[in-house]
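Biologist: I have a structure open and would like to learn how to read it. Can we go through it feature by feature?

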Amino acid sequence: MSTDTIRQPVTTSAVSASRLSAGLHVKGDITGKEDLHVDGIVEGLIQLEPFKLTVGADAKLTGDVVAREVIVHGSVNGNLRARDRIEIKKDGSVVGDLTTTRILIEDDAYFKGSIEIDRKTA
């Protein structure tokens with residue numbers, strides 16, 4: 001009789017995350033069906049409607065964003081629309097209008113624009 005414990009299988013999300021590294025510069029629109037972490041430079045619309053965008057600390061994004069959730073550690077110059085929430089972290093910078101149901105702006109973050117709280121209708 002074995003004394004080994006039975007381990008539960010490791011499950012991963014069916015949705016993967018993509019990463020745009022610091023050495024990349026993209027001019028043009030990005031659309032996708034998975035989470036995206038940007039560390040490089042992007043000039044254009046990012047549309048990830050049911051997914052999450054994370055803007056890394058050294059990232060520079062110029063253009064609008066439509067996603068489920070947006071987390072900003074770097075620099076964004078454009079309007080952000082998030083179905084669930086937007087977070088601007090302490091060293092993050094956003095110049096543009098925000099539309100979301102929940103917002104978090106940490107101390108030492110920079111924000112210039114307007115905020116519209118879009119209430120969910122149940």
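Biologist: Let me start with one residue. Which residues does Asp-84 touch, not counting residues up to four places away in sequence?

Modeller: First, a caution: this is a predicted model. Now the contacts. Asp-84 touches Arg-68, Thr-100, Thr-101, Arg-102 and Lys-120, with residues up to four places away in sequence not counted.

Biologist: Where does Asp-84 lie, and is Asp-84 buried or exposed?

Modeller: Asp-84 lies in strand β10. Its relative accessibility is 18%. Buried means under 20%, so Asp-84 counts as buried.

Biologist: Let me step back. How many helices and strands does the protein have?

Modeller: The protein has zero helices and 15 strands. Of its 122 residues, 34% are buried. The accessible surface comes to about 7,900 Å², and 49% of that belongs to carbon and sulfur atoms.

Biologist: How do I read the range of the contacts? What share join residues at least 24 apart, among contacts between residues at least 6 apart in sequence?

Modeller: That share is 3%.

Biologist: Next, strand pairing. In which sense do β8 and β10 pair?

Modeller: Look for residues that stand opposite each other. β8 and β10 pair in the parallel sense, over seven bridges. Val-65 stands opposite Leu-80 in β10.

Biologist: Which residue stands opposite Arg-81 in β12?

Modeller: Thr-99 stands opposite Arg-81. Here β10 pairs with strand β12, residues 98-100, in the parallel sense over two bridges. β10 also pairs with β13 in the parallel sense, over four bridges. There, Ile-88 stands opposite Ile-105 in β13.

Biologist: Now the inside. Which residues have the most contacts inside the largest nonpolar core?

Modeller: The general idea comes first. In soluble globular proteins, nonpolar side chains tend to be buried together. In this model, the largest nonpolar core has 23 residues. Those with the most contacts inside it are Val-38, Ile-46, Leu-53, Val-65, Val-70 and Leu-80. The elements giving two or more residues to this core are β4, β6 (46-55), β8 (65-72) and β10. The largest share, five residues, comes from β6.

Biologist: Take Val-65. What is Val-65 in contact with, leaving aside its neighbours within four places in sequence?

Modeller: Val-65 is in contact with Leu-45, Ile-46, Leu-53, Val-70, Asn-79, Leu-80 and Arg-81, once those neighbours are left aside. Leu-80 is also the residue opposite Val-65 in the strand pairing.

Biologist: And nonpolar residues on the surface? Which residues form a nonpolar patch there?

Modeller: Ile-103, Ile-105, Ile-115 and Ile-117 form one. Together they have about 300 Å² of accessible area. β13 (102-105) and β15 are the elements that give two or more residues to the patch. Take Ile-103, in strand β13. Its relative accessible area is 33%, so Ile-103 is partly exposed.

Biologist: On to charges. How many salt bridges does a search of the whole structure find?

Modeller: Side chains of opposite charge can pair when their charged atoms come close. The search finds eight salt bridges. One of them joins the side chains of Asp-39 and Arg-19, at 3.0 Å, N to O. This pair links distant parts of the chain, 20 residues apart. Asp-39 sits in the loop between β4 (35-38) and β5 (41-43), and Arg-19 in strand β1, residues 17-20.

Biologist: Which residues are linked in a network of salt bridges?

Modeller: Arg-68, Glu-69, Arg-85, Glu-87, Lys-89 and Glu-106 are linked in one. Within it, the side chains of Arg-85 and Glu-87 meet at 3.0 Å, N to O. Arg-85 is partly exposed, with 25% relative accessible area. Glu-87 is buried, at 8%.

How values were computed
Residues are numbered from 1 along each chain as its sequence is written. This is a predicted model: local features need pLDDT of at least 70, side-chain atom pairs count only at pLDDT 80 or more; totals for chains, interfaces and linings use all residues. Side-chain values use heavy atoms; hydrogens and water are left out. A salt bridge is a side-chain nitrogen of Lys or Arg within 4 Å of a carboxyl oxygen of Asp or Glu. Buried means under 20% relative accessible area, exposed over 50%, partly exposed in between (1.4 Å probe, protein chains only). A nonpolar core is a set of buried Ala, Val, Leu, Ile, Met, Phe, Trp, Tyr and Cys residues joined through side-chain atoms within 4.5 Å. Contact means heavy atoms within 4.5 Å. Patches are made of residues with over 30% relative accessible area and no salt bridge: like charges are joined within 9 Å, nonpolar side chains (Val, Leu, Ile, Met, Phe, Trp, Tyr) within 5 Å. Accessible areas come from the Shrake-Rupley method with a 1.4 Å probe; for residues, only the protein chains shown count as cover. Two strands pair if DSSP finds at least two bridges between them.
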